[in-house]
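Visitor: Could you bring up the model and walk me through it?
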Amino acid sequence: MSRPPETRPVVTRFAPSPTGYLHIGGGRTALFNWLYARGRGGTFLLRIEDTDRERSTPEATAAILRGLTWLGLDWDGEVVSQFARKDRHAEVAHQMLARGTAYKCFSTQEEIAAFRAEAEARGTYALFQSPWRDADPATFPDAPYVIRMKAPRSGETVIHDTVQGRVVIQNSTLDDMICLRSDATPTYMLAVVVDDHDMGVTHVIRGDDHLNNAARQQMIYDAMGWEIPVWAHIPLIHGPDGKKLSKRHGATGVEEYQAMGYPAAGMRNYLTRLGWAHGDAEIFTSAEAMQMFDLSGIGRAPARLDFKKLENTCGHHIAMADNAALLHEIEGFLVAAKRPALSPAQKQLLAQALYCVKDRAKTFPELLEKAHFALISRPVVADEVSGKSLDTVSRGILKSLTPRLQNVRWTKDALEPILNDVAADYGIGFGKLAAPLRAALAGRSATPSVYDMMLVIGQNETIARLEDAAA
RNA sequence: GGCCCGUUCGUCUAUCGGUUAGGACAUCUGGUUUUCAACCAGGCAAGAGGGGUUCGACUCCCCUACGGGCUGCCA
């Protein structure tokens, strides 16, 4: 009855409701839609589901856009506001009325609440069945009404879900959902179908909390004679303890991850692998992910967030990142983390130091800590651990070292014999010499190679720091 | 309560009726080392439970347990 989806250009969409920040689970949903569309030369659309005026805020929309932008998920065309399309939704509701697939219901919310309370009192649960479903229009009162879907009361609705398989829902378990509220605004159930249809969405990839909704939505597609999209309901993300991810697990907002210093490429990689797999592929770029990503690789069970693996993945991406891009992203991190920005001089030094710190860090705070030596200016203040290696003896060693550093070519090859000689003179291993050098140069015990640090900060600065420490 | 979905090492997962059930992260041991990170070698570690179907089930079916979702004039 419908053309094979493969022959149509793919159109996916991410449709968050603007009631807060971009949730990490929403971010992954967006990512899957983005990967699927981008990997097939398709279109990825963004629609804000803001028909609930009570809860929707422009701030939330802005936060969601920021989150997506940071994650690097670019959408095609303008952001669609669902609320702006309310007249179209109402139009479709009335078309359903005209087709006889929907009806006007004059039951008040009080009546419905009373009906439910009564059922509950009897210890049962019953779907509300509107008395207006087959009422004679001649009996219609002059009162506000909602437009309800005239849902089939028997039979079954079958969802062919790419991820969940064939899901059968008995129509008797579904009620006549409201499509148009009494104030003529659409409900989610109607709006989502109308918009997806009008926007030409071919694949609906969303959280499996919508799986049941798909049955009701399919009824609307049928009622309007529209082609049903390919459904793909993906499992939600859980916290490390296997429970639904909530605030008590820590970070749930995408922007919080930016503030914690995870690179966007690493986040994308990690999130892609969370609930999706392609053989043994673990570390990959987004371009590679686009090539590999498919709906059949999505798992059916909820996945737990694992920060250790996130960090490991991010470490790989920091190491393989382009230096200029990395520097730019670090500056963005500083802003997000509300940390002081880099001065032009610091930026310059950090750029030069990147080669020796980027493969030692899993997050930006860690990278910055490793690059501490390049970001500070004299006098270097040693932290507690490294300070211990600056005792009287090692100060003497540093003092004897500085003169030998005066007239040398500032390369590792030239420096190496000098430091080795000093160590030999004092009958100590290089490790014993490196510790005070680290303290003097960086004030830290965990740093890049002492040679790299010397090379990055230069001859004058090196000698000055060593003299400071020896004094 | 009703309906729907799920359940492989601690975690993410591969397997799509026949494998010593593979990989990655984490962890442990040894090696390397200039601290950290990394790297090399190796170890530990899994099909929720119970019934079927089948020559043969992680894989198909049913039940139970556990987890999740939906059940709104929320999305």
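Visitor: Which helices and strands each supply at least two residues of the surface near RNA strand B?
Guide: The elements that do so are helices H4 (109-121), H5 (188-198), H6 (211-224), H10 (307-320), H18 (430-441) and H19 (450-457), plus strands E7 (165-170) and E12 (303-304). Helices (H or I, at least four residues) and strands (E, at least two) are DSSP runs, numbered from the N terminus. "Near" a molecule or strand means that a residue has a heavy atom within 4 Å of it.

Visitor: And what should I know about the model itself?
Guide: This is a predicted model, where local features need pLDDT of at least 70 and side-chain atom pairs count only at pLDDT 80 or more, while totals for chains, interfaces and linings use all residues. Residues are numbered from 1 along each chain as its sequence is written, chains are lettered from A and ligands numbered from 1 in the order in which they are written, and side-chain values use heavy atoms, with hydrogens and water left out.

Visitor: OK, back to the RNA. Which element gives the most to that surface?
Guide: H18 does, with four residues.

Visitor: What part of the RNA does the protein come up against?
Guide: Of the RNA strand B atoms within 4 Å of the protein, 66% belong to sugar or phosphate, and the rest to bases. Arg181 has a side-chain N or O atom 2.3 Å from a phosphate oxygen. Ser17 puts a polar side-chain atom 3.2 Å from a sugar or linking oxygen, and for Glu49 a side-chain N or O atom is 3.1 Å from a sugar or linking oxygen. A polar contact is a pair of N or O atoms within 3.5 Å; within protein, one must be able to donate a hydrogen and the other to accept it, and residues adjacent in sequence count only if both atoms are side-chain atoms.

Visitor: Switching to the inside: which residues touch the most other members of the largest nonpolar core?
Guide: In that core of 49 residues, they are Ile330, Leu350, Leu367, Phe373 and Leu405. Another core of 45 residues lies apart from it, with Val163, Ile205, Ala264 and Leu310 among its members. A nonpolar core is a set of buried Ala, Val, Leu, Ile, Met, Phe, Trp, Tyr and Cys residues joined through side-chain atoms within 4.5 Å. Buried is under 20% relative accessible area, exposed is over 50% and partly exposed is in between (1.4 Å probe, protein chains only).

Visitor: What is Ile330 in contact with?
Guide: Leaving out neighbours within four places in sequence, Ile330 is in contact (heavy atoms within 4.5 Å) with Leu350, Leu354, Phe364, Leu367 and Leu368.

Visitor: How about Thr12, buried or exposed?
Guide: Thr12 counts as buried because its relative accessibility is 0%. Thr12 is in strand E1 (residues 11-14), and its side chain reaches the backbone oxygen of Asn33 at 2.9 Å.

Visitor: And Gln218, where is that one?
Guide: Gln218 belongs to helix H6 and is buried, at 7% relative accessible area. A polar atom of its side chain lies 2.8 Å from the backbone oxygen of Val158. Beyond four places in sequence, Gln218 touches Thr157, Val158, Ile159, Ile228 and Trp231.

Visitor: Last one: is Lys338 buried or exposed?
Guide: Lys338 counts as exposed, at 77% relative accessibility, whereas Ala184 is partly exposed, at 41%.
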